[in-house]
Amino acid sequence: TINHSRTTKHLVAHCSSFPSPTPASRSDPIHAGDHRNTAMALSLRRKQLDVIVRMLNLNQHQLPNGGEGQGEDEAYKILVMDPPCVSVLSPVLKVADLRRHGVTLTLGIDRPRQAVADAPAVYLVRPTPGNVDRIAADAAAGLYASFHINFSTSIPRPLLERLAAACAAAPAACAGRVARVADQYLDFVCLEEGLFSLAQPRAYVALNDPAAADADITALVDAVALGLFCVVATLGVVPVIRCARGGPAEMVAAALDARLRDHLLAKPNLFTEAASTAVTSFQRPVLCLFDRNFELSVGVQHDWSYRPLVHDVLGLKQNILKLPAEKYELDDSDKFWVANSWSPFPKVAEEIEAQLAKYKQDVDEVNQRTGGGNTGVEFDGTDLIGNTKHLMNAVNSLPELTERKKMIDKHTNIATTLLGHIKERSLDGYCDCENDMLLNGTVDRNTLLSLLKGKGSKEDKLRLAVTYLLSFEMPPSSELEQVEAALRELEVEMSAFQYVKRIKALNTQFAAASGTATKSNIVDWAEKLYGQSLSAVTAGVKNLLSDGRQLALTRTVEALMEGKPNPEVDDYILLDPRAPRSGTGGQFKGPFREAIVFMIGGGNDIEYRSLMELGQHSQPSKHVIYGATEILSGTEFIHQLVELGQKAGLGSGSSNTAQGSAQ
């Protein structure tokens, strides 16, 4: 039990001394759930949930209660999944939801399982040789009464034939047990209505590794394109694709365009029903593809809002927060999280105190109405006296009060833990200094150096130094030397700093080169140093230095949605999978009211918030879905920069900076 009064006052007292750094690209804090109040076509989480529920009902639409036809779909079922598909289901369905759809047992396909011969089994797995072989073995052994096999993406023909051959070679009853094989196109993790991840870790490293083989790059690009195909197939829309020229974004755009065109040749197809209702081009969204090098600084900077702090400092993963003594779910079922996740941390502490005061007031009212007001004992539902009416009202209010108390306990615990880290690492100072650099283009040298030499982890100091490097086109050489000296003195791994420094120098030279010969020389030199990453690092020349008024990503997405002539995006590639391959006459350039924005190499909370603000503050309102190969904290992304710097043979100092790895 938490002593609420003492803890919340302690929180507010300490938070009141913090500055309030202005969030980058920032206007007022937004509410994570606000955009769901408008009826939009692109309801990704709802549509993914619809597909999952239909799958759990054995690929049939749910029967109305009391309707006839109750059969196998109404019986209890076994759900068998592989780890990637567990990650897909966990943010959208809880255990109680699975029970409601008849799932009484959830098992891992890679674990030993006992036979339940009278129950149907629903499989949801990726189409891999290992999974196909396990399913065939389960069917041959007769583990379950029937097998409803669902693949998270389309199963390649050779694997389907492998499954069929294995079942045919088994005893005669084996093939009869396989009731259905279906492609579900669910291979993405929908964390919120407007946020998804392809759960493809370390894509930034893989795409920028100097030693990466062409086959590895192609395989990753195809995997990203397949994941995006799953997203648009679930939405039931064929988007217009826009991206900058060069780099992974163009490669993914071409692969996705080809995959969509091939699929649309078949009739009927996944988009046939959507096409019959979408009469005009205006109802189609634009898919904007970006590479992480488009704007590097957003990936490493510290943020002062509740949600990014919980993600970065406490390690929030797929809406689950694990603290030493507790595990919490932080999603749209948590009203406090929805209302306050984008608020500055001191405001969150104040809101917890306000919620506690309101809770105590409501408890006192219940106690007074039931005659317990003078006991001085907190309401616990056991000392209720008084007339029947008040008693019933108190009993009815008990569940709601209990839930509120659990919510206050939960966020008091989280905020108190956060406060300890903030004070220990002076995170408010890092946020303030970085915002000055990114928003105002200024830095106090003494403040910068005192942070580098003072409190904070080695990752904090490295992120601050990289942010400094990216905030100024030509930092004073003496100041830059002092920054590097401070890092070396603390034995901070320098490879990430040197890697970004090299990229910045390359982009500056590339942008300044006027003659073809000069550019060619730079390209030759860069390819020797960076290999596959050349096209990626040169694609984001203009955006390597952050814009103080608005994130470059948000500004560019807004221009792409408006569809008007704009020098920033006029050169962007436009691919329309529904248009003929030859010519551009029928291609639609906008305006668009809906957009899917995808970051190849890792997204973050700051960009997600900025895009949600764009949607809410636009007139008329726009709807934006944000996705990435993975959602990274600043600490996780700096680890990937460290790894790339080491692969490029850059940097020196302690190799213990990046303890742990990004998800």
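The legends below describe several close-up views of a predicted model.

**View 1. Strand E13 and its neighbours in the sheet.**
Strand E13, which spans residues 594-600, has seven of its seven residues buried, so the strand is largely enclosed by the rest of the structure. Glu594, Ile596, Phe598 and Ile600 point one way from E13, while Ala595, Val597 and Met599 point the other way, and the residues of both sets are buried. Strand E9 (residues 286-291) pairs with E13 in the parallel sense over six bridges, and within this pairing Val286 stands opposite Ala595 of E13. E13 also pairs with E14 in the parallel sense, again over six bridges, with Gly627 of E14 as the bridge partner of Phe598.

**View 2. Aromatic pairing between helix H25 and strand E14.**
The model contains 14 aromatic pairs, and the one shown here is formed by Tyr608 and Tyr626, whose ring centres are 6.3 Å apart and whose planes meet at 15°, so the pair is stacked. Because Tyr608 lies in helix H25 (residues 605-617) and Tyr626 in strand E14 (residues 623-628), the pair ties together parts that are 18 residues apart in sequence. Both partners are buried: Tyr608 has a relative accessible area of 1%, and Tyr626 has a relative accessible area of 0%. Elsewhere in the model, Tyr123, Tyr144 and Phe147 form one aromatic cluster.

In the second example, Lys405 forms a salt bridge with Asp409, the closest N and O atoms being 3.4 Å apart. Lys405 is partly exposed, with a relative accessible area of 21%, whereas Asp409 is buried at 18%; the two residues carry different labels because the cut-off for buried is under 20%.

The side chains of Arg555 and Glu568 meet in a salt bridge, with an N to O distance of 3.2 Å. This pair links distant parts of the chain, since Arg555 belongs to helix H24 (residues 552-562) and Glu568 to the loop between H24 and strand E12 (573-575), 13 residues apart. Arg555 is partly exposed, with a relative accessible area of 21%, and Glu568 is also partly exposed, with a value of 31%. In another part of the model, salt bridges that share partners join Lys358, Asp362, Glu400 and Arg404 into one network.

A disulfide is a covalent bond between the sulfur atoms of two cysteines. The count of disulfides in this model is zero.

A cis peptide bond, with omega at about -5°, joins Lys267 and Pro268, and Pro268 lies in the loop between helix H10 (248-264) and helix H11 (272-277). Gln318, a residue other than glycine, has a positive phi near 50°; this residue sits in the loop between helix H13 (306-314) and strand E10 (320-322) and is partly exposed, with a relative accessible area of 22%. Glu491, which is not a glycine either, has a positive phi of about 60° and is placed in the loop between helix H20 (477-489) and helix H21 (495-512).

How values were computed:
Residues numbered from 1 in each chain as written. Predicted model: local features only at pLDDT ≥ 70, side-chain atom pairs only at ≥ 80, totals over all residues. Heavy atoms only, no water. Helix = DSSP H or I, 4+ residues; strand = E, 2+ residues; numbered from the N terminus. Buried < 20%, exposed > 50% of the residue type's maximum accessible area, 1.4 Å probe, protein only. Disulfide = S-S within 2.5 Å. Phe/Tyr/Trp six-rings, centres within 6.5 Å; stacked < 30°, edge-to-face > 60°. Pairing = 2+ DSSP bridges. Salt bridge = Lys/Arg side-chain N within 4 Å of Asp/Glu carboxyl O.
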